[in-house]
Amino acid sequence: MAIDPICGMTVEEANALHAERDGQTFFFCSDHCRQKFLSAPATAMPEEKPQGNAVYTCPMHPEIEQDHPGDCPKCGMALEPKTVTAGSDEEENAELNDMTRRFWIGTALTLPVFVLAMAHVIPALARQSWADSHTSRWLQFALTAPVVLWAGWPFFRRGWRSVVTRHLNMFTLIAIGVGAAFIFSAVAMLLPDLFPHTMQHEGKVAIYFEAAAVIIVLVLLGQVLELRARSRTGSAIKALLNLAPPTARQVAEGGDREVPLDQVKVGDLLRVVPGDKVPVDGVVVEGHSSVEESMITGEPLPVEKTVGDKVTGGTVNGPGSFVMRAERVGSDTLLGQIVNMVAEAQRSRAPIQGLADKVAGIFVPAVLAVSVLTFVFWMWLGPEPKLAHAIVNAVAVLIIACPCALGLATPMSIMVGVGRGAQEGVLVKNAEALERLEKITTLVVDKTGTLTEGKPKLMDVLPGDGIDAKEFLRLAASLEQNSEHPLAAAIVQGAKDQSIVFEAVKDFSSVTAGGVIGTVADRAVMVGKPDFLRNEKITGLEQLEASAVKVQEEGKTVMFVAIDGKPAGVLAVADPIKATTVEAIRELHELGLELVMLTGDNRRTADAVARQLGLDAVEAEIEPAGKVAHVKKLREEGQHVAMAGDGINDAPALSEAEVGIAMGTGTDVAMQSAGITLVRGDLRGIAKAIRLSRATMRNIRQNLFFAFLYNALGIPVAAGVLYPFFGLLLSPIIAGAAMSLSSVSVISNALRLRKVRL
């Protein structure tokens, strides 16, 4: 990002205009700013804007950033804090409070104006002498002036700025339309002789103070409803933030003390008592308890925590008490990373928004042209009084054509959709990933940690003839306790579960991708692949290999054991399939996806897992580089490919896929190579993400269709196209109401995503 040296706007360097000066490159939001910079003297160098703690940005133009509240220089909307803070939806909102105050005062002043203006058409009032008197006209002027000049002042300020910065927007149209109606009426009342006699009735020219006042009040109402609705789009982030407690119990000399959460530092010792929320991420150093981690795992059952175990901020402590050491605080915690990812995604732009941006770029100038043509047409061919008809219809065109609904259509749906996903443990990195996910036809999955639990378990102990099973496992497990391989850990844990006592190991050595060898209780022991044992001069493995085939076909990984130079048996280890995987694959198939498994495991094991789960295709014994090539091959065949993996060794393939999906474990959410992260590591989350993507994109298209249709129908009607056929004209008041309702309806439609079933 860079700062426009002329207007101070924050712009994306990749998309901005630029110019060189004194070896330095400067970036600009528009050609107007660039030309102004080039014409300025070289000594007038730009100054960097001071950066405060808070950053304010526009919901429709996230590239706009500044360190203080204000209005967007492009669309005129009020800037919002980029970072949502914890608290209720009713917390202080300066913009909402200001607009609400202007609305109620404006309404109180506008109601008598409306009654006075309509008195001549109300039978009970038309006979009153004051109904069309000079006193009535002066009262309308006196009451309308504060409505237009005070209640509507923000719209005129934004409209003027839009002209200065050459970013014409909805407030340009409102300011011109209301200003024209008010100035015309004021001149007509004060200087009626300036107008032709055909426009005068008993020396009076028609006035439209009620139109100017009512339009301001209706636009204010639309702004109030819009601001209230937009504040609810941050509810998902607020719900996440409220998972963390506001304070922590810091262990200190003389007793514990309660400190605000933002004062906790890495290394602090914190006490967590029964029923408390864990304040930050850390490790237990004293005591034990059970912690409910459903926010991460989705499982309601508490997890036992003892000394050395990690705990996560925002999880809920059970009946025990423990002391923990803070390891990650603030935005570095798991919860902080989730909140940051959600906030960034909500501010990102979907490719489909480019369509709305292109239309909006030519929309306001086109509306101004239509308004001018409407004025000319009615002055040329319209009935008397021509000038009055020309002004009223030109103003109606300006008011009804405000492009706010068009601009809000995409960002509101994205904000609500991303927040809804976060509530379900589906973290969207950016809007582009959400849009691409809708079109996915093929899902490529890794096996370990994605389809399976990623924690191998000892399943079968198969000693040879005449060998005691317990002694066989004791010797093998004693040797494997010196290995760091995951399969070795499974064997060791399996022996511990049977209360086997381990022996000391001498002369231990390990061969990568082969096996281990050593002396246990004065006996030579080897554990590994058949080829490894053969290299160590072990013969007669054929019988063990034959018996291992059946075990491998069940999806288990087999390791061969030799004792004292002779084959002794095999150990079978399996990585259990997650309990939710079968249901997830059924859901994904119902969504029309083809499922392909890529794994580095052996062919028999991979085929067994694929058969058991009903996968469409499988590629086994494949390296990370091979996964990338396979994903690329599928894309070249015309498939839209998503890749789900653990985000580490699968990172290259995740990046190659159109959408990378990282299976989060709750300890590492910052998987930069993935567009979607599933916090709970549950494959059903992919089905949720796809449903969310489809619902969000459907919602965006509904919004864009409504916004386009509204303007396509509204502008011709406002211009008077129905008058020759039906004698109908659209009052600027009705146009103002329709304009406000269009924006509110778009936001209301977007908010429906909060209730969508995933």
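**Entry 1: contacts and overall make-up**

I began with contacts, meaning heavy atoms within 4.5 Å. Among contacts in the protein between residues at least 6 apart in sequence, I found that 66% join residues at least 24 apart. I noted that this is a predicted model, in which local features need pLDDT of at least 70 and side-chain atom pairs count only at pLDDT 80 or more, while totals for chains, interfaces and linings use all residues. Residues are numbered from 1 along each chain as its sequence is written, and side-chain values use heavy atoms, with hydrogens and water left out.

I looked up the secondary structure and found 26 helices and 30 strands. Helices (H or I, at least four residues) and strands (E, at least two) are DSSP runs, numbered from the N terminus. Of the 758 residues, 52% are buried. Buried means under 20% relative accessible area, exposed means over 50%, and partly exposed is in between (1.4 Å probe, protein chains only). The protein exposes about 34400 Å², and carbon and sulfur atoms supply 57% of this area. Accessible areas come from the Shrake-Rupley method with a 1.4 Å probe, and for residues only the protein chains shown count as cover.

I followed strand β12, residues 269-272, and its side chains alternate.

Which strands pair with β12? I count two strands as paired if DSSP finds at least two bridges between them. Strand β10 (residues 247-250) runs antiparallel to β12 and is joined to it by 2 bridges. Gln250 has Leu270 in β12 as its bridge partner. Strand β17 (residues 321-328) also pairs with β12 in the antiparallel sense, over 4 bridges. There, Leu269 has Arg325 in β17 as its bridge partner.

**Entry 2: an open sheet**

I then looked at an open sheet of 3 strands, in the order β6-β5-β7, with antiparallel pairing. β6 (65-66) and β7 (80-81) stand at the edges with a single partner strand each, so one side of each has no neighbour in the sheet. Strand β5 (residues 56-57) pairs with β6 over 2 bridges in the antiparallel sense. In β6, Glu65 is the bridge partner of Thr57.

**Entry 3: helix α20**

Which residues of helix α20 (residues 581-590) are buried? I listed Thr581, Ala584, Ile585, Glu587 and Leu588. They lie on the same side of α20 because they cover an arc of only 160° around the axis. The arc is that of the directions from the helix axis to the C-beta atoms. The exposed residues Val582 and Glu590 are on the face turned away from the buried side of α20.

I checked what covers the buried residues of α20, and the list includes β19 (442-446), α15 (447-451), β26 (594-598), α21 (603-613) and α24 (684-719). Gly592 follows α20 and has a positive phi, near 90°.

**Entry 4: salt bridges**

How many salt bridges does a search of the whole structure find? I read 26. A salt bridge is a side-chain nitrogen of Lys or Arg within 4 Å of a carboxyl oxygen of Asp or Glu.

I looked at the one between Asp281 and Arg328, at 3.3 Å from N to O. Asp281 lies in strand β13 (residues 281-292) and Arg328 in strand β17, so the pair ties together parts that are 47 residues apart in sequence. Asp281 counts as buried at 5% relative accessibility, whereas Arg328 is partly exposed at 28%.

The side chains of Glu424 and Lys688 also meet in a salt bridge, at 3.1 Å from N to O. Glu424 lies in the loop between α13 (404-423) and β18 (426-428) and Lys688 in helix α24, so this pair ties together parts that are 264 residues apart in sequence. Glu424 is partly exposed at 21%, and Lys688 counts as partly exposed at 22%.

I also noted a salt bridge between Glu637 and Lys633, 3.1 Å from N to O. Lys633 counts as partly exposed at 42% relative accessibility. Asp98, Arg101 and Arg102 are linked in a network of salt bridges.

**Entry 5: a surface patch**

Last, I looked up a nonpolar patch on the surface, formed by Trp138, Leu190, Leu191 and Leu194, with about 440 Å² of accessible area together. Patches are made of residues with over 30% relative accessible area and no salt bridge; like charges are joined within 9 Å, and nonpolar side chains (Val, Leu, Ile, Met, Phe, Trp, Tyr) within 5 Å. Trp138 is found in helix α4 (residues 134-151) and is partly exposed, with a relative accessible area of 45%.
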